[in-house]
Amino acid sequence: MIKRFYALATSVHHRLLPANSDQGVLPYLWLVYLGIYFVHFAFYDPPAWHVWLSATGTLLFLACYFRAYWTTGFQTLFYIAAICAIGSVSTLVNPGAGVFFVYASAFAAHAGPPKQSLAIIGVILAYIVLLAWLRDLSAYFYVPALVFSIMIGGANVFQREIAKKNAQLKLTQDEVKRLATTAERERIARDLHDLIGHTFSMLTMKAQLAKKLFDHDTDKARKEIAELEQISRRALAEVREAVTGYRQKDLATELANAKTLLNSVEVDFDYTIPDSTLPANIDTTLGFIVREAITNLVKHANATRCHITLTEADRILTMRIVDNGSSKAGPEGNGLKGMRERLTQLGGELTLNSKQGFNIILTVPL
């Protein structure tokens with residue numbers, strides 16, 4: 001029984017709202033404002049034609065309301081005008097009909113760019129004032145209609161622009177990741193070609209020479225074969241070394257990746273590190289910490305600036321990762337735990353500070 005009801009509700013939901021809508025159940029919750037329309041009937045005994053007119057207007061409004069979610073641009077203007085017309089007729093029997101103009105203003109965000117949407121809201125506000133003046137309607141009609149049209153209409157325009165920017169930001173991040181992946185593949189292909197191409201050419205020449213000498217000078221042939229073995233062993237060691245390098249992320253690489261990512265999300269980023277070469281294990285650990293810190297910043301911090309400094313004094317490395325975000329110290333997740341564990345293996349320490357932005361301070365002995 002429950003499954004059947006759920007299937008029916010899902011089917012109705014998909015008929016009322018488009019499948020690609022990110023609104024969820026919010027369109028149904030917004031209908032609570034219709035209570036402003038019906039509360040008027042609690043204060044008097046309405047004639048039958050008042051009830052019929054109100055019921056008809058409500059049904060027509062609901063049809064326009066759900067249909068408007070399927071439209072954009074000029075088509076939305078049609079439903080905005082239809083909802084305003086329903087509200088205008090409904091004011092003949094109920095001053096609470098001003099709520100229909102609030103819904104019309106809410107849909108203005110779907111009609112076009114922000115300036116056009118705000119202009120539509122302005123037209124609706126002017127029409128509310130004109131209608132109230134022509135019909136001498138009470139404040140119960142025009143005050144809620146004006147106030148909530150401005151609040152809800154303006155908020156919807158703002159939220160829609162934020163949603164567009166977030167979508168563009170996601171596309172930018174995906175593009176940056178794709179370009180970074182492509183560049184990494186090209187680098188690996190180039191390195192492997194430079195590393196293996198020459199070696200295999202030499203192996204081929206040595207093998208051909210050994211083949212020619214095998215029937216005439218076996219001693220020289222054995223020498224060439226021995227050199228083939230040495231070259232192949234050396235090539236195997238070089239390939240293993242290269243693969244190990246690809247698997248590890250050093251500090252310089254992670255700082256470059258961080259700069260690309262943060263610039264794409266409009267976060268000012270700079271860093272200061274010494275020119276000296278770090279031990280491999282420390283370099284890899286610091287690279288991991290930078291990657292985790294930048295990931296947390298993008299996901300949770302809501303920051304606009306980030307700065308990383310690495311200094312050395314008395315054989316102690318100190319790294320500071322500072323941002324102006326809103327992250328607060330709390331239960332440590334897997335990222336921070338991973339930082340501590342890696343630093344502990346090196347004899348280092350990690351300190352967190354969230355008084356001004358969010359600061360990660362770590363020290364590592366050389």
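Strand 2 and strand 3 form a hairpin, with two residues between the strands, and in its turn Asp-314 has a positive phi of about 55°. The structure is a predicted model, in which local features need pLDDT of at least 70 and side-chain atom pairs count only at pLDDT 80 or more, while totals for chains, interfaces and linings use all residues. Residues are numbered from 1 along each chain as its sequence is written, and side-chain values use heavy atoms, with hydrogens and water left out.

Strand 2 (residues 305-313) and strand 3 (residues 316-323) run antiparallel and are joined by eight bridges; strands are DSSP runs of E with at least two residues, helices are runs of H or I with at least four, and both are numbered from the N terminus. Pairing requires that DSSP find at least two bridges between two strands. Across this pair, His-307 stands opposite Val-322. Strand 2 also has a parallel partner, strand 1 (residues 268-272), to which five bridges join it. Here Tyr-271 of strand 1 faces Ile-308 of strand 2.

Turning to the helices, helix 5 (residues 74-90) has 17 residues and should span 24 Å at 1.5 Å a residue, which agrees with the 25 Å between its end C-alpha atoms; the expected span is 1.5 Å times one less than the number of residues. An α-helix has 3.6 residues a turn, so residues three or four places apart point the same way.

On a 1 Å grid over the protein atoms alone, a cavity is a set of points where a 1.4 Å probe fits but cannot get out, whereas a pocket is an open set with protein on both sides within 12 Å along at least five of seven lines; lining residues have an atom within 4 Å of a point. The second largest pocket holds about 640 Å³, and 21 residues line it, with Val-176, Lys-177, Ala-180, Asn-257 and Leu-261 nearest its centre. Helix 8 gives the most to this lining, eight residues.

The largest cavity holds about 30 Å³. Its lining includes Ala-109, Gly-112, Val-157 and Arg-160, and helix 8 supplies the largest share, three residues.

Note on methods: Grid points are joined across faces, edges and corners, and a volume is the space filled by probe spheres set on the points.
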